[in-house]
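Here are my notes for you as you look through this model. Keep the structure open beside them and find each place as you read.

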Amino acid sequence: GKIAIMSTGLASIGDNGSGGTYAYRASKAAVNMVGKSMAADLKPKEICVQLIAPGLIATDFGPGVEMMKKFGGASVEDG
């Protein structure tokens, strides 16, 4: 079997050069630890656990198209 867990690069301890968003970063770092622990526990049962960090996505709930353009991303409308 397989388990996919969505996360974010903002959860990285080693790549935290921008600071801020403490609660979001901490909660996603906790999700990453749960995923790593699950992977270790479920490996003998041949269950693969994947942590996926898709990067910025322009949505009504996210930073929007302006932020995407600032970091060189494309919106869904741009294809």
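What share of the residues of the protein chain count as buried? Of its 79 residues, 16% do, where buried means under 20% relative accessible area, exposed means over 50%, and partly exposed lies in between (1.4 Å probe, protein chains only).

1. Before you start. This is a predicted model, in which local features need pLDDT of at least 70 and side-chain atom pairs count only at pLDDT 80 or more, while totals for chains, interfaces and linings use all residues. Residues are numbered from 1 along each chain as its sequence is written, and side-chain values use heavy atoms, with hydrogens and water left out.

2. Confidence. The score pLDDT is the predictor's confidence in each residue, from 0 to 100. Its mean over the protein chain is 80, and 67% of the residues reach 70 or more. Confidence is highest in β1, at 95, and lowest in helix α2 (residues 64-70), at a mean of 64. Where pLDDT is low, the predicted coordinates should not be read in detail.

3. The overall layout. You will find two helices and two strands in the protein chain, following the pattern β-α-β-α along the sequence. Helices (H or I, at least four residues) and strands (E, at least two) are DSSP runs, numbered from the N terminus. A contact means heavy atoms within 4.5 Å. Among contacts between residues at least 6 apart in sequence, 47% join residues at least 24 apart.

4. The length of helix α1. Does the span of α1 agree or disagree with what 1.5 Å a residue predicts? The expected span of a helix is 1.5 Å times one less than its number of residues. For the 21 residues of α1 (residues 22-42) this gives 30 Å, and the end C-alpha atoms are 30 Å apart, which agrees.

5. Leu-42 counts as buried because its relative accessibility is 18%. Leaving out residues up to four places away in sequence, Leu-42 touches Ile-3, Ile-47 and Val-49. Val-31, also in helix α1, counts as partly exposed, at 29% relative accessibility. Apart from neighbours within four places in sequence, Val-31 is in contact with Ile-5, Met-6 and Leu-51. The C-alpha atoms of Val-31 and Ile-5 are 8.1 Å apart, although 26 residues separate the two in sequence.

6. A buried loop residue. Ser-7 sits in the loop between β1 and α1, and its relative accessible area of 10% is why it is called buried. Which side chain does the side chain of Ser-7 join through a polar contact? It is that of Asn-32, at 2.5 Å. A polar contact is a pair of N or O atoms within 3.5 Å; within protein, one must be able to donate a hydrogen and the other to accept it, and residues adjacent in sequence count only if both atoms are side-chain atoms. Setting aside neighbours within four places in sequence, the contacts of Ser-7 include Lys-28, Ile-52 and Pro-54.

7. A backbone angle to check. Most residues other than glycine have a negative phi. Glu-46 is not a glycine, yet its phi is positive, at about 60 degrees. Glu-46 lies in the loop between α1 and β2 and counts as exposed, at 69% relative accessibility. Glu-46 is 45 residues from Gly-1 in sequence, with 6.9 Å between their C-alpha atoms.
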